[in-house]
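Have the structure open and follow along.

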Amino acid sequence: MQALSPAPTRAAHLARPGRPAVVARTLAELTGPTHGVVELPVRLMWNADRTFDLADPDDLLWMYENVLRETTRGEDLRLLINGRTLRRVWRLLNLPRGVRQAWESRHRGLRTA
């Protein structure tokens, strides 16, 4: 009698080796700021200067990249990322492959954003 192997499980998309990417259930729940200056907590950004002016396009991209790559909490996403802004800048973000795949798997509209 031949033993059946278990059905393959879907591998988690990794933000970095050993750590799955965190993805919001919906883009609508992402209600982070759209203007002003944001300071990230040390757990998301280790630089001495952790402030980002959202009016500066480069600052906005850099902040989103750091949050999406480093977070281990859904609450960070809800408080720091704005769903409409994320859709607008998605293609400009420099993200690890696992983070991009995780988000695009859950939110198929980002693939064409």
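**From the fold to the core**

Among contacts in the chain between residues at least 6 apart in sequence, 55% link residues at least 24 apart. Keep in mind that this is a predicted model.

So what is the chain built from? It has four helices and four strands, and reading along the sequence gives the pattern β-β-β-β-α-α-α-α. Of the 113 residues in the chain, 42% are buried.

Now for the inside. In soluble globular proteins, nonpolar side chains tend to be buried together. Here, the largest nonpolar core has 30 residues, and the ones with the most contacts inside it are Leu-40, Leu-68, Leu-77, Leu-86, Leu-93 and Trp-103. Which elements give two or more residues to this core? They are helix 1 (57-70), helix 2 (74-80), helix 3 and helix 4 (97-106). Helix 1 supplies the largest share, six residues.

Leaving aside residues up to four places away in sequence, Leu-68 touches Leu-77, Ile-81, Leu-86, Trp-90, Leu-93, Leu-95, Val-99 and Trp-103. Leu-68 is also one of the buried residues of helix 1, and others include Leu-60, Leu-61, Met-63, Tyr-64 and Val-67.

Why is helix 1 described as largely enclosed by the rest of the structure? Because ten of its 14 residues are buried. Its length checks out as well: at 1.5 Å a residue, the 14 residues of helix 1 should span 20 Å, and its end C-alpha atoms are 20 Å apart, which agrees. Look at the start of helix 1 and you'll find a side-chain oxygen of Asp-56 reaching to within 2.8 Å of the backbone nitrogen of Asp-58.

Finally, hop over to Thr-85, which sits in helix 3 (residues 83-89). Is Thr-85 buried or exposed? Thr-85 counts as buried because its relative accessibility is 9%, and the cut-off for buried is under 20%. Not counting residues up to four places away in sequence, Thr-85 touches Thr-34, Leu-60 and Tyr-64.

Conventions. Residues numbered from 1 in each chain as written. Predicted model: local features only at pLDDT ≥ 70, side-chain atom pairs only at ≥ 80, totals over all residues. Heavy atoms only, no water. Buried < 20%, exposed > 50% of the residue type's maximum accessible area, 1.4 Å probe, protein only. Contact = heavy atoms within 4.5 Å. Core = buried A, V, L, I, M, F, W, Y, C linked by side-chain atoms within 4.5 Å. Expected span 1.5 Å × (residues − 1). Polar contact = N/O pair within 3.5 Å; in protein donor to acceptor, adjacent residues only side chain to side chain.
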